[in-house]
Amino acid sequence: MGVVLYGGAFDPPHLGHVAVADAAREHFGVERLVVLVSERPAHRAVLASAADRLALARAAFPADDVRLDPYPRTLELLRAERFDDPVFVVGADQFRAFLAWSEPEQVLELTRLAVATRPGFPRSDLDAVLAQIDRPERVLFFELEPNRAASTDARARVVVGEPLDGLVPPAVADLIAERGLYRP
């Protein structure tokens with residue numbers, strides 16, 4: 001197994017993100033992941049700066065190689081960086097939208113996709129995407145327990161002054177408070 005990549009906006013990183021990373025580490029038998037914090041995500045607006053989100057991700061994934069990803073699209077990253085036999089971890093929701101990515105077939109030429117699924121997610125949605133790509137063997141699935149944590153919930157709790165217990169790792173909650181992030 002080559003390098004396992006896990007990217008996202010991480011605005012902020014939450015326990016669901018950590019669960020995906022842990023499940024990927026276990027499933028693929030790797031000790032460390034390369035966690036890529038998108039500097040300028042093409043798919044969503046972010047509230048915290050890239051530097052703050054990088055610090056938060058380092059707090060959430062202390063055992064991993066956490067880096068800033070300067071490329072707005074996965075394809076640009078994969079073309080610019082040379083990773084050894086990469087496997088790129090995405091959630092089932094992201095894979096459901098995979099055909100809308102920039103050049104999805106080229107993405108599959110440059111990396112395998114590891115799709116984190118959860119019980120109850122409609123497999124038919126994933127199979128519909130697989131049926132439309134040329135290299136379905138480049139897509140790997142692994143399952144994890146559902147985790148309802150979401151970045152939007154964490155940000156909403158900060159706004160009203162509620163604790164982040166059960167949503168983000170304690171080190172992330174501490175850093176959010178220390179830096180005054182996500183406050184109105």
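A: Strands of a sheet pair through backbone hydrogen bonds, either parallel or antiparallel. In this predicted model, three bridges join S1 to S4, and the two strands run parallel. Strands pair here if DSSP finds at least two bridges between them; helices (H or I, at least four residues) and strands (E, at least two) are DSSP runs numbered from the N terminus. Within S4, Val89 is the bridge partner of Tyr6.

Q: What is the order of the strands in the open sheet?

A: The six strands are arranged as S3-S2-S1-S4-S5-S6, with parallel pairing. S3 and S6 (139-143) are the edge strands, each pairing on one side only. From one strand to the next the twist averages 30°; axes are lines fitted to C-alpha atoms, for helices over the stretch in contact, and angles run from 0 to 180 degrees between N-to-C directions.

Q: How many bridges join the other neighbours, and which residues stand opposite each other?

A: S1 and S2 pair over four bridges, with Leu5 opposite Val34 in S2. S4 and S5 pair over five bridges, and Val87 stands opposite Arg112 in S5. Five bridges also join S2 (residues 34-38) to S3 (residues 65-69), where Val35 stands opposite Val66. Between S2 and S3 the chain passes through helix H2 (residues 50-60), in a right-handed β-α-β crossover. Right-handed means that, with the strands pointing away from the viewer, the path from the first strand over the helix to the second runs clockwise.

Q: Where do H1 and H2 lie relative to the strands?

A: H1 lies across S1, S4, S5 and S6, at about 110° to S6. H2 lies across S2 and S3, at about 165° to S3. Contact means heavy atoms within 4.5 Å.

Q: Which residues have the most contacts inside the largest nonpolar core?

A: In soluble globular proteins, nonpolar side chains tend to be buried together. A nonpolar core is a set of buried Ala, Val, Leu, Ile, Met, Phe, Trp, Tyr and Cys residues joined through side-chain atoms within 4.5 Å. The largest here has 38 residues, and Tyr6, Phe61, Val89, Phe142 and Ile176 have the most contacts inside it. H1 gives the largest share of this core, six residues. Apart from it lies another core of 22 residues, including Val34 and Leu126. Beyond four places in sequence, the residues that Val89 touches include Tyr6, Val20, Ala114 and Phe142.

Q: Why does the radius of gyration agree with a compact globule?

A: The radius, taken over C-alpha atoms, is compared with 2.2 Å times the number of residues to the power 0.38. With 184 residues, a compact globule would have a value near 16 Å, and the protein has 16 Å, which agrees. Buried residues make up 48% of the 184 residues.

Conventions: Residues numbered from 1 in each chain as written. Predicted model: local features only at pLDDT ≥ 70, side-chain atom pairs only at ≥ 80, totals over all residues. Heavy atoms only, no water. Buried < 20%, exposed > 50% of the residue type's maximum accessible area, 1.4 Å probe, protein only.
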